[in-house]
Structures are given as C-alpha cells and as structure tokens.
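Open the model in your viewer and keep the selection panel at hand. This tour goes from one stop to the next.

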Amino acid sequence: MANRLPVRQPERSDGGSWPPSPGGLVSALTPVLRERHGIWVGWPGGDCDPGIIPDTVNGIGLRSVSLSDSECDGFYTGFSNGTLWPLYHDAIRTPTFDRDWWHQYREVNVRFAEIAADVAAPGATVWVHDYQLQLVPGLLRSLRPDVRIGFFLHIPFPPRELFMQLPWRREIIEGLLGADLIGFQVPGAAANFARLARQLTAATGSDSVVEIDSRQVAVGAFPISVDSRGIAAKAAQPQIIARAAQLRSDLGGPDIVFLGVDRLDYTKGIDRRMVAAGKLFSEGILRAGNHVIVQIAVPSRELDPLYQEERHHLEQLVGQVNGQFSSVGHPAIHYLNQSVSNDELIALYLAADVMLVTPLRDGMNLVSKEYVAARDGAGGQLILSEFAGAASELKGAVLVNPHDIDDITEAMRACLTRDRAEEMRNMRRLNRIVRRRDVHHWAASYLAALQETTSV
Ligand code: ADQ
C-alpha cells in the first residue's frame with residue numbers, strides 16, 4: 001500500500017498500455033508482488049479517472065483508492081505535505097496544524113485500511129509505505145488481526161523536540177504501533193521513534209523491540225537503494241555513452257561539469273548550491289566556458305504556494321548568477337525546470353564530473369546512489385550533504401554541511417584539483433557499496449525481517 005499506484009495513465013485512454021511509474025520502489029516491488037500474486041493499493045492521482053484503471057498491470061493486481069477534491073486538499077496537499085513533510089524535515093518551513101486537515105487524513109487512512117482488509121487473503125502480508133499512511137497499521141490490525149503488517153517510512157523521523165509540536169502526536173505513534181515491523185532509513189530515525197513510543201504510550205522495551213498490549217513491534221533501519229545493476233547496464237549502452245558525449249559538447253566542452261538533479265523542493269538545498277556557485281564565479285575560481293553548473297529541478301507540488309515561492313527564489317538566484325558571470329554562448333548555470341527521461345538522466349550522470357547533492361534534510365536521497373551506480377569505472381566525485389540518509393553509507397563521498405556555504409564552496413573548489421587516480425579508487429569503493437546493497441537487497445531484507453516477527 002502506498003499513496004500512489006505504481007502506474008501512469010497512458011497517453012491515449014482508449015486501450016493504450018499503462019506504463020509503470022519511474023523509480024526504484026516500483027521496479028523493486030513489482031517482481032516481489034508478481035511472485036506472491038500481490039495487489040498494490042493506492043491513489044491513481046488527481047487527474048486520472050479511477051473508473052478506467054485496469055485490474056492488473058505487469059502481473060500485479062491494482063486496487064485504486066479514490067479521493068474527492070476536498071480530500072485531496074486536506075489529506076494530501078494539507079496534512080501530508082503542509083504538516084508532516086515540513087515537520088519531519090527539521091521544520092525547515094513552519095508546519096501548519098489544521099484540525100480539518102487532520103480529520104481528512106484520518107478518514108482517508110480509514111478508507112485505505114478498509115480496502116486492505118477487504119483484499120488481503122487470510123494470514124496475508126501487508127506492507128504499508130510512507131508518511132501519508134501512518135494510521136493504516138493500527139486501523140488495519142483492528143479490522144484484520146490475522147494479517148502480518150509492515151510499515152516503511154521513506155522520509156526522516158524527527159526527534160522528540162520537533163515531533164512533540166504535532167497536536168496528534170499520540171495518534172500517529174499508536175497508528176504506527178499497529179505494525180509488526182516499522183522500518184526507517186537510518187538507525188537514528190528508528191531510535192527517535194522507539195523513544196517517542198515509550199514516552200507517549202504505554203509501550204516498553206528497547207530501541208529495536210517495542211512491547212505494547214502484549215505484542216512485540218520490531219523497529220529497525222533498512223536503507224533503501226537503487227537498481228544498481230540496471231543503472232550500470234544502461235550507462236554502458238553505446239547510445240547513452242554517445243548522448244553523454246553530445247551533452248558535454250552541447251555544453252561547450254567545459255573542463256568540469258557540476259550536476260544537480262532534484263525534485264524542486266525546499267528540503268533539497270538547491271538554493272545553497274546556486275549561492276555557492278555564484279560565490280566561486282565571483283571569486284574567479286569558476287569561469288563560464290571552463291566550468292558549467294547543470295541543475296535539473298523536476299516540477300513538484302506545483303499548486304502549493306511554498307513550492308511556487310521556492311521556484312521563484314531559484315529562478316531569481318540563477319538569473320543573478322547568469323546575468324553577472326555568463327558570457328555569450330556560455331551560461332554559468334544551465335537550469336532546467338522539467339522532468340527528464342530515464343535515459344537522459346543516466347546520460348547526464350555519465351556526463352558529470354561532480355555531482356552536487358546538498359539537501360538540508362533527506363530520508364535517503366536516491367540521486368546520490370544513482371550517480372554512483374552509473375559511474376562504474378568512470379571516476380567522478382560526489383559532494384553529499386551530511387543530512388542525507390545516504391551519507392552514513394556512502395563512505396568516500398565528500399560530506400558537507402549544506403547550511404555552511406563556505407563548506408560547499410570549499411568542497412567544489414577541491415574537486416577542481418583532485419588527483420585522478422584517487423578519484424577513480426574512491427568511486428570504485430562507492431560503486432561496490434551501492435552494488436552490494438541495491439534496492440532488491442533492501443526489499444528482500446525488509447520482507448525477511450517482517451517474516452521473522454512473532455505477533456501473528
Ligand atoms: P524524493 O524526495 O523524491 O524521495 P530521491 O530519493 O532523490 O528524493 O528520489 C528522487 C527520484 O526522482 C530519483 O529516482 C531521481 O532519479 C528522480 N528524479 C529527480 N529529478 C528528476 C528529473 N528532473 N527528471 C526525472 N527524474 C528525476 C523520497 C525521500 C528520499 C528517499 C526516497 C526513497 O524524500 O529521501 O530516498 O523517497 O525512499
């Protein structure tokens with residue numbers, strides 16, 4: 001169960017096939033679900049007619065959950081993205097607490113739980129994903145005590161000091177405690193949760209097994225990853241290699257290409273990167289023509305005023321840097337506010353000498369792992385925020401504090417003179433990490449741990 005179904009509406013609704021949504025989660029879970037005759041429960045998205053969704057796609061069952069316009073506002077745009085998202089990301093923006101949004105969040109979670117109770121076979125395993133559905137484990141357990149319930153949170157889980165702001169803090173913890181296994185991206189998030197559970201409810205136990213109502217709830221870290229082999233295979237295709245070379249030549253054949261790829265979100269720290277780049281251009285350390293910044297910012301949550309504000313802020317920053325430091329035919333920053341295809345994304349990773357990943361807070365950050373997976377034997381440098389979950393695994397990345405612009409500029413400057421042999425060694429080491437722990441390993445290890453839980 002996830003907020004969204006794993007398919008996109010086809011271009012033509014008159015019988016065209018339904019393509020899978022891009023991304024590692026869908027490619028990791030599709031084979032698992034197919035093998036187990038599983039069903040994916042989710043919302044098809046605002047502009048999709050739920051009446052035309054097929055029962056099965058790629059061998060997995062689909063069950064869609066409809067949301068009215070008002071539920072979409074209250075549950076999705078409101079409570080999920082206006083309350084939980086900022087609160088769970090260090091309150092980088094002030095979360096809004098609105099009782100009507102909360103009621104709609106609860107109602108939609110009830111609907112998801114009822115549908116799961118309806119479709120799950122006796123003794124089935126139900127895996128619930130992410131912050132939009134935190135009440136589902138508790139609701140489902142009361143409807144179907146026979147099923148095994150797993151929950152995985154893709155975003156950070158905040159420390160007590162922040163979580164306690166939430167007026168419905170106890171209800172959220174109780175909802176999660178309905179699961180047999182609660183998975184987080186990093187151990188710190190798991191520990192935050194276990195402590196809050198002991199504080200806000202009658203739960204006892206340790207940071208890895210919480211006991212409540214004579215049940216045991218396992219809690220742990222399961223860092224998500226990418227389809228490393230699939231990405232490496234694509235990056236080795238001649239047409240992708242040719243496209244990467246073409247991209248470098250279209251950029252004017254610079255010495256160094258810096259790349260950023262993110263959803264346009266205020267948590268991703270894109271603005272810090274632009275400010276850092278501006279500083280280096282102004283000091284003459286970077287020069288348009290020799291050095292290029294490429295920033296892809298995929299449009300996201302576009303109706304939300306905070307996201308509109310962030311977009312304007314970025315456009316202004318990029319305009320300022322380009323206005324001052326570009327020369328004719330050689331912009332300092334190439335900024336694309338658009339989604340790019342998977343092939344183009346991998347070609348961009350191949351074309352980039354330095355990847356800039358500077359979120360202010362991120363559950364994991366798959367872009368950093370995708371870059372590493374695409375650079376099999378190709379060298380390259382990864383500048384990574386210490387506040388991304390990926391930082392604890394990717395030993396060999398250049399870690400920066402994204403709140404400290406000088407730290408980012410220092411890391412970028414160091415990339416200009418790094419020893420090539422050391423860079424190759426380093427990237428090989430990173431590549432091994434991402435290959436060993438790919439998204440298939442993630443799904444298999446989570447499901448194995450869920451199978452070992454004892455409460456069913
Ligand atoms: P996101 O916040 O969306 O995910 P991330 O992990 O980086 O962040 O995943 C983004 C995905 O979108 C990547 O697979 C990337 O390739 C793709 N993407 C980004 N920009 C794109 C563009 N311009 N065009 C096409 N594709 C683009 C949430 C959490 C993360 C966590 C993931 C998975 O916020 O912390 O890592 O879930 O659990």
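Which residue forms a salt bridge with arginine 93? Select glutamate 310: its closest approach to arginine 93, N to O, is 3.0 Å. A salt bridge here is a side-chain nitrogen of Lys or Arg within 4 Å of a carboxyl oxygen of Asp or Glu.

Before moving on, note that this is a predicted model, where local features need pLDDT of at least 70, side-chain atom pairs count only at pLDDT 80 or more, and totals for chains, interfaces and linings use all residues. Residues are numbered from 1 along each chain as its sequence is written, and side-chain values use heavy atoms, with hydrogens and water left out.

**Stop 1: the two domains**

Colour 67-225 plus 441-451 as domain 1, and 228-436 as domain 2. The bounds come from an automatic or database domain assignment. Their centres, taken over C-alpha atoms, are 32 Å apart. Domain 1 puts 17 residues into the contact and domain 2 puts in 20; contact means heavy atoms within 4.5 Å.

**Stop 2: the interface**

About 1,600 Å² is buried between domain 1 and domain 2, with 60% from carbon and sulfur atoms. Buried area is the accessible area (1.4 Å probe) that two parts lose on being put together, summed over both. Now select Trp85, Ile92 and Arg93 in domain 1. These three lose the most area to domain 2, together 35% of what that side buries. The rule finds two salt bridges across this interface.

**Stop 3**

Across the whole structure, the search finds 26 salt bridges. For one of them, show arginine 361 and aspartate 90, whose side chains meet at 3.1 Å, N to O. Arginine 361 sits in the loop between strand E13 (354-357) and helix H13 (366-374), and aspartate 90 in the loop between H2 and helix H3 (99-119), so the pair ties together parts 271 residues apart in sequence. Helices (H or I, at least four residues) and strands (E, at least two) are DSSP runs, numbered from the N terminus.

**Stop 4: the ligand**

Finish on glutamine 185, where a side-chain N or O atom is 3.1 Å from an oxygen of the ligand.

Key
A polar contact is a pair of N or O atoms within 3.5 Å; within protein, one must be able to donate a hydrogen and the other to accept it, and residues adjacent in sequence count only if both atoms are side-chain atoms.
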